[in-house]
Amino acid sequence: MAEVKFTSNLKRHLSATHVDVGGRTVGEVLHQVVEHNPSLRDHLMDDRGRLQAQIVVFINGTLIEDRARLSDPVEPAAELFVMQALSGG
């Protein structure tokens, strides 16, 4: 199972907790996360199922490439790290 972790900032504001879920792609994993905690859906994904602009996901320390279809492959023992992107100057 993939291990999904959230930054402390997201955990504090969204009640997001560490979770182990199955899935072969980032999309499948995030859908499992949302099944465990439905309140996360609107914060993680837009109405088309793509990542919200302010959310970034890393798989084993590497930024995912497909933010639209979330098709990046996820190995069973992978670690996904979900964080809020920072912007500004």
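**Salt bridges and the sheet**

Modeller: Arg 50 is partly exposed, with a relative accessible area of 29%, and please keep in mind while we talk that this is a predicted model.

Biologist: Which side chain does Arg 50 meet in a salt bridge?
Modeller: The partner is Asp 46, and the N to O distance between the two side chains is 3.4 Å.

Biologist: And is Asp 46 buried or exposed?
Modeller: Asp 46 counts as buried, because its relative accessible area is 18% and the cut-off for buried is under 20%.

Biologist: What does Asp 66 pair with?
Modeller: Asp 66 forms a salt bridge with Arg 69, and their closest N and O atoms are 3.7 Å apart. Asp 66 is buried, with a relative accessible area of 12%, while Arg 69 counts as exposed at 66% relative accessibility. There is also a network, in which salt bridges that share partners join Glu 3, Lys 5 and Glu 79.

Biologist: Why would such side chains pair in general?
Modeller: Side chains of opposite charge can pair when their charged atoms come close.

Biologist: Changing topic, in what order do the strands of the sheet come?
Modeller: The five strands form an open sheet in the order S2-S1-S5-S3-S4, and the pairing is mixed. Strand S2 (19–21) and strand S4 (62–63) are the edge strands, each of them pairing on one side only.

Biologist: How many bridges join S3 to S5, and do they run parallel or antiparallel?
Modeller: Five bridges join S3 to strand S5 (residues 79–84), and the two strands run antiparallel. In this pairing, Phe 58 stands opposite Phe 81 in S5.

Biologist: Which strands does helix H2 lie across?
Modeller: Helix H2 (residues 26–36) lies across strand S1 (2–6), S2, S3 and S5, and the helix runs at about 125° to S2.

Conventions. Residues are numbered from 1 along each chain as its sequence is written. This is a predicted model: local features need pLDDT of at least 70, side-chain atom pairs count only at pLDDT 80 or more; totals for chains, interfaces and linings use all residues. Side-chain values use heavy atoms; hydrogens and water are left out. Two strands pair if DSSP finds at least two bridges between them. Helices (H or I, at least four residues) and strands (E, at least two) are DSSP runs, numbered from the N terminus. Contact means heavy atoms within 4.5 Å. Axes are lines fitted to C-alpha atoms, for helices over the stretch in contact, and angles run from 0 to 180 degrees between N-to-C directions. A salt bridge is a side-chain nitrogen of Lys or Arg within 4 Å of a carboxyl oxygen of Asp or Glu. Buried means under 20% relative accessible area, exposed over 50%, partly exposed in between (1.4 Å probe, protein chains only).
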